[in-house]
Amino acid sequence: MADLVGARTLTVHLVRHGETESYDHDVGLTGLGRAQAGERGTALADELHDGDQVAFCHPPTLRARETCELVRRAVVDRVRARGIVVTDTGTVVEPGYRNVQVWADGTPREPTQVRRRATELLAGTSLPPGWAVEADRFWRAHDETGDAMRFWLTTPLLWHEPPASVVRRMLDTSAARLAAGLTGHVVVGTHSGCLRALVWWAAGADPGEPDNGAEVVVRLTAGSDLVSVGYGGQEWRCRAPNGPPDWSVARDQWAGS
């Protein structure tokens, strides 16, 4: 995507967390997962230039945090070995890049955080709440097909955050960092569903489950509503959404029309 002359630009590297020990609850990475994060960091460092600014962030899950920290460590080691200097702004928590959320008992939670509770409720004698029924279906898709995210992407769900909302906040979070004056690169440890929804929005087709350690690259330019989304050797130029609307507000408007 051609940059506006003199405009600030930001490249966001959205990295799927490395292989995790389990999805029964929020846990850290396996040895292979740690290696995957390190390999991604080395590859990212080879794209950097002397004087670049790099920020690192992650949502509040253990597997994403460990991925981000290991990617950063590998970047630092590699740029030192290359003999270049980059500005490392450190690692911070950024909830805007969080995984899809489940509205469980009045609180938004990450899917691994509600799995055990949903199983307990389904095993009870009373009718379980709707969020637990949905969560159980989500995890059964994971166990039976290995693709719970396709279930989420293609199934009408009332207690799970919809894919469109995830795409919007990923773009909004990135745009907010650019608006705050950040330039250069942001490296984010995040989750497969976020990446998959974003690429599906940009490309118009399901990319399938990304490998652990794979990245989706989003490029933004200050003063432009165009973004580029890159994945798997392809890149799509898109117009950033000025919406979608708050459908609860739209519903009320329709009711009065």
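Visitor: At what distance does a polar contact join the side chains of T112 and E110?

Guide: This is a predicted model, in which local features need pLDDT of at least 70 and side-chain atom pairs count only at pLDDT 80 or more, while totals for chains, interfaces and linings use all residues. Residues are numbered from 1 along each chain as its sequence is written, and side-chain values use heavy atoms, with hydrogens and water left out. A polar contact is a pair of N or O atoms within 3.5 Å; within protein, one must be able to donate a hydrogen and the other to accept it, and residues adjacent in sequence count only if both atoms are side-chain atoms. For the side chains of T112 and E110, the polar contact is 2.3 Å.

Visitor: Is T112 buried or exposed, and which residues does T112 touch?

Guide: T112 lies in helix α3; helices (H or I, at least four residues) and strands (E, at least two) are DSSP runs, numbered from the N terminus. Its relative accessible area is 2%, and buried means under 20%, exposed over 50% and partly exposed in between (1.4 Å probe, protein chains only), so T112 is buried. Contact means heavy atoms within 4.5 Å. Not counting residues up to four places away in sequence, T112 touches Y23, D24, H25, D26, R63 and W139.

Visitor: How are the rings of Y23 and W139 arranged?

Guide: Rings of Phe, Tyr and Trp (its six-membered ring) pair if their centres lie within 6.5 Å; planes under 30 degrees apart count as stacked, over 60 as edge-to-face and the rest as tilted. By this rule there are two aromatic pairs. In the pair of Y23 and W139, the centres are 6.4 Å apart and the planes stand at 35°, so the arrangement is tilted.

Visitor: Why does the pair of Y23 and W139 tie together parts apart in sequence, and how many residues apart are they?

Guide: Y23 belongs to the loop between β1 (9-16) and α1 (31-45), whereas W139 belongs to helix α4 (residues 130-145). Y23 is partly exposed at 22% relative accessible area, while W139 is buried at 7%. Because the two residues sit in those elements, the pair ties together parts whose separation in sequence is 116 residues.

Visitor: At what angle do α3 and α4 pack?

Guide: Axes are lines fitted to C-alpha atoms, for helices over the stretch in contact, and angles run from 0 to 180 degrees between N-to-C directions. The residues that meet include P111, T112 and V114 in α3 and W131, F138 and W139 in α4. The axes are 9 Å apart, and the angle is about 110°. Angles under 35 degrees count as roughly parallel, over 145 as roughly antiparallel, 65 to 115 as roughly perpendicular and the rest as oblique, so α3 and α4 are roughly perpendicular.

Visitor: What is the phi of D105?

Guide: D105 lies in the loop between β4 (102-104) and β5 (107-109) and is exposed at 56% relative accessibility. Most residues other than glycine have a negative phi. D105 is not a glycine, yet its phi is positive, at about 50°.
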